[in-house]
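Hi,

Here is the structure I said I would pass on.

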Amino acid sequence: MVLKECVRGLKELRPLTHLLFPLCFHWIAEAMTVSVLVDVVTSALCPGQTTCTEAIYISGLQQTVVGIFKMVVLPLLGQLADEYGRKPLLLITVSTSIFPFAVLAWNQSRESVYVYYVLRTISFIISQGSIFCIAVAYAADIIEEGNRAAAFSWITGFFSASHVLGNLLARFLPEKYIFVVSIVLLIFGPVYMHFFLAETVDRVPKRDRDSTFLTKITNVAHKRYESMRDAAAIVFKSPTLRGISFVLFFYELGMSGISSVLLFYLKAVFGFNKNQYSEILSMVGIGAIFSQILVLPLLNPLVGEGWILSLALLASIAYGLLYGLAWASWVPYLSASFGAIYILVKPATYAVISKGSSSMNQGKTQGFVAGVKSIASLLSPLGMSPLTSWFLSSAAPFDCKGFSIIVASVSMMIALCFACRLKPDEKLSHDPEDEIEAPLLRES
């Protein structure tokens, strides 16, 4: 049975080969830098120290700035992917990571780290979340609705497999080669896409070639506003899309807060370095591969996306609480094991969103809901960064160094409450005469 489902899943992914192959190289390149970045940044900004308040605050500031801009950029990129094609948007988003890592490959001084943060912030604004949104919309273009949940799970499974490979490379490669190898892989991705990736969307014909420059700018701004308003109407008129937006907001509020401070917390409390980070991240990745490629495709036809989503959220709560209450250096490894389950939040929500929207609005709805998530990602560091620094310092009101992570877990409990009320099978009628917006691709 399991083998049969695996073979079926691989057949579904065959049309996505030229999408997933370069994306895997991109994800490997990004993953292999994660475990070493904490050491590089801490060494540059706080030489000789295990706790670096400046690094925690800069990371929090970066996440806040990214969240502010992503509120607009993510829905915008989703709209553009529906109108002008998936391929050009993917080429832009996957290319942005090359420049910040090139800076660290060249120099790792304090000034270079500051430049890295600026360039990485711009890169995150354009690429973080949008790559997945556009890739999921690409998959929805060519895969039948009944098979999308399994296909999305395989896509996120490849993402996890790429992270495992990236963490293994980081574990065994000398630190001085990590950024160089990463840049080579990051360049390969967009080059491969340019030559081999096929487009799935007919581009919007240009009708204003004779217009003045000012008229063109006005028309573009008006069109973006109308498209954004229509995307909001689609989401908030649908009980399913509205409900999943609340789930993702509170989930992201908690999980992004934990992610932004976790490695600094582990370094300060248990003295972890890149080797321990790589081990923990690899544990999460290996479990995530199994759960996304085998477990979700098997369970989804039996219990549905809603049940899987609730189970994954419950695992994320246990993940956060164990990290926050960690009393020994082995506890983070136990907490990381829950990553094999909470990782299913991503494919389950993609499937719910895809089912709740029409085929012509996949990019808009995925992008708009991702924009809602970005609001949470900008809010979480505003509280997490100072709270984490406070409880890691000697001025903490009581001895609980992971208190901020426990607080973040409460937000994921709220997400679970919304998920339990969600009815993924509810769907608006997509009768052409009752469609909320006339798809832009039908314009003459």
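Let me begin with helix α6. What covers its buried residues includes α2 (17-45), α3 (53-84), α4 (86-95), α5 (98-106) and α7 (130-142). Helices here are DSSP runs of H or I with at least four residues, numbered from the N terminus, and buried means under 20% relative accessible area, exposed over 50% and partly exposed in between, with a 1.4 Å probe and protein chains only.

Before going further, a word on the source: this is a predicted model, where local features need pLDDT of at least 70, side-chain atom pairs count only at pLDDT 80 or more, and totals for chains, interfaces and linings use all residues. Residues are numbered from 1 along each chain as its sequence is written, and side-chain values use heavy atoms, leaving out hydrogens and water.

Back to α6: it covers residues 110-127, 18 residues in total, and reaches 25 Å from its first C-alpha to its last, close to the 26 Å expected at 1.5 Å a residue (that is, 1.5 Å times one less than the number of residues). Among its buried residues are V113, Y116, Y117, R120 and F124. Just after the helix, G129 takes a positive phi of about 90°.

Now the cores (a nonpolar core is a set of buried Ala, Val, Leu, Ile, Met, Phe, Trp, Tyr and Cys residues joined through side-chain atoms within 4.5 Å). The largest has 82 residues, and L309 and L313 touch the most other members. Helix α11 (residues 239-270) gives the most to this core, with 15 residues. Leaving aside residues up to four places away in sequence, L313 touches V247, Y251, V345, A415, L416 and A419, with contact meaning heavy atoms within 4.5 Å. A second, separate core of 32 residues includes A81, A135, V136 and F152.

On to the rings. There are 24 aromatic pairs; Phe, Tyr and Trp rings (the six-membered one for Trp) pair if their centres lie within 6.5 Å, and planes under 30 degrees apart count as stacked, over 60 as edge-to-face and the rest as tilted. F25 and F188 make a tilted pair, 4.6 Å centre to centre with 55° between the planes. This pair links distant parts of the chain, as F25 is in helix α2 and F188 in helix α9 (residues 175-196), 163 residues apart. F25 counts as partly exposed because its relative accessibility is 23%. Ring pairs also join F25 and F188 with F21, Y192 and F196 in a cluster.

Cheers

Key. Helices (H or I, at least four residues) and strands (E, at least two) are DSSP runs, numbered from the N terminus.
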